Amino acid sequence: MRLLTSLPSLLFSLPLLTAAQQQKPLSENLQSWFDKAKSYIPSAATAPIASTAAKAAANNVVTLTTDNWKSVISPSSLSDPSEGPEEWMVLFSGGNRSCYGRCARVEKAWDESAALLAANPTAPNLAYVHCDKSPVLCTTWPASVPSIWHIQLPATGADQSQPATTIHKIPLNSSTVTAADIVNIHTEKTYEKRPVYEGALHPFDGWFAKAGLIVPLGMGSRYFMGKRTGGGQAGPQRSPPLGGAPPANEPVAR
C-alpha cells in the first residue's frame with residue numbers, strides 16, 4: 001500500500017519532474033504520468049487519485065456566484081501592478097440542466113489539472129461556476145457549458161484608468177478533454193488559438209457592464225426563459241447549454 005500513501009506527493013511533483021526532463025515539453029508528459037500512476041495499482045484502488053485531485057481543487061479553486069464574482073475577480077485585488085495582468089482560468093460546468101449530465105469527465109480533468117497547477121509557481125488563479133446553481137451568472141457572462149474562460153485582468157493605472165480585460169473562451173469536448181488539455185491552456189498558451197472576446201456582454205468591458213446593467217440583464221433573461229417554460233422561474237426541465245453550444249465546425253479542446 002506504499003504507492004497509495006505516496007500518491008499525493010506523486011501528483012503534486014509531476015510539474016517538477018517535467019522540468020527536469022528538458023528533452024520533452026510539458027504537454028507530452030502530463031497525461032502519460034497520470035496513466036502510469038493509475039496503471040501501477042488495481043483499478044478498484046484508483047479512488048485515492050480522484051480524491052487527492054478533488055482536495056487540491058477544493059483548496060485552490062474559488063467558486064464564483066452572482067454575489068461574489070465582482071469582488072473576487074477585481075483589479076483591486078492586484079498586489080503589485082508592475083507584475084502585469086492577473087491571470088485567471090474559470091471553468092463553466094453544470095449538471096443535468098445546463099450540461100445534460102455530460103460534465104463528469106470535464107470536472108474530473110479539472111480537478112486533476114488543479115492538482116498539477118498547484119505545484120506550478122506561475123499558475124493562474126482558478127475559479128469555478130456551476131451553471132445549474134448560478135444560472136444568472138452563466139447567462140450574463142455569457143458562457144457555454146462546458147468551457148473555460150482565460151482572463152487577463154490588468155492593474156488599474158496610476159491615473160485610475162482601467163485597461164481592457166482580455167478574455168479568451170475555450171470550449172471543451174466533454175467526451176475527450178484531459179487534465180493535460182486544461183494545463184496546456186496556461187503552460188503552452190493554447191488560449192491564444194481562440195479569438196479575443198469583445199462582445200456587448202463582456203463582463204468587464206462590454207456595454208452592459210459599463211452601464212451597470214449586466215446583472216439586471218441576466219436576471220431578466222432568466223425570468224423570461226422561465227416564463228416560456230411555464231413559470232416565473234426556470235423550472236426543473238432540461239435547458240440547452242447556457243450561452244449556446246459552439247457550432248459543429250468550431251474547434252474545441254481535445
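Start by selecting Trp149. This residue is buried, with a relative accessible area of 0%. Keep in mind that the model is predicted.

Now show both rings. Trp149 and Tyr197 make an aromatic pair of the tilted kind. Trp149 belongs to strand 4, while Tyr197 sits in the loop between helix 8 (179-187) and helix 9 (207-210), so the pair ties together parts 48 residues apart in sequence.

Stay on Tyr197 and select Lys169. Lys169 lies over the face of the Tyr197 ring, 4.4 Å from the ring centre.

Then widen the view. Which residues form one aromatic cluster? Select Trp69, Phe92, Trp141, Trp149, Tyr197 and Phe204.

Across the whole structure, a search finds 7 aromatic pairs. One of them is Trp69 with Trp141, an edge-to-face pair. Where do the two partners sit in the chain? Trp69 is in helix 4 (residues 69-72). Trp141 is in the loop between helix 7 (135-140) and strand 4 (147-153). The pair links distant parts of the chain, 72 residues apart.

Are Trp69 and Trp141 buried or exposed? Both are buried.

Methods: Residues are numbered from 1 along each chain as its sequence is written. This is a predicted model: local features need pLDDT of at least 70, side-chain atom pairs count only at pLDDT 80 or more; totals for chains, interfaces and linings use all residues. Side-chain values use heavy atoms; hydrogens and water are left out. Rings of Phe, Tyr and Trp (its six-membered ring) pair if their centres lie within 6.5 Å; planes under 30 degrees apart count as stacked, over 60 as edge-to-face and the rest as tilted. Helices (H or I, at least four residues) and strands (E, at least two) are DSSP runs, numbered from the N terminus. Buried means under 20% relative accessible area, exposed over 50%, partly exposed in between (1.4 Å probe, protein chains only). A charge sits over a ring if NZ of Lys or CZ of Arg is within 6 Å of the ring centre and within 35 degrees of the ring normal.
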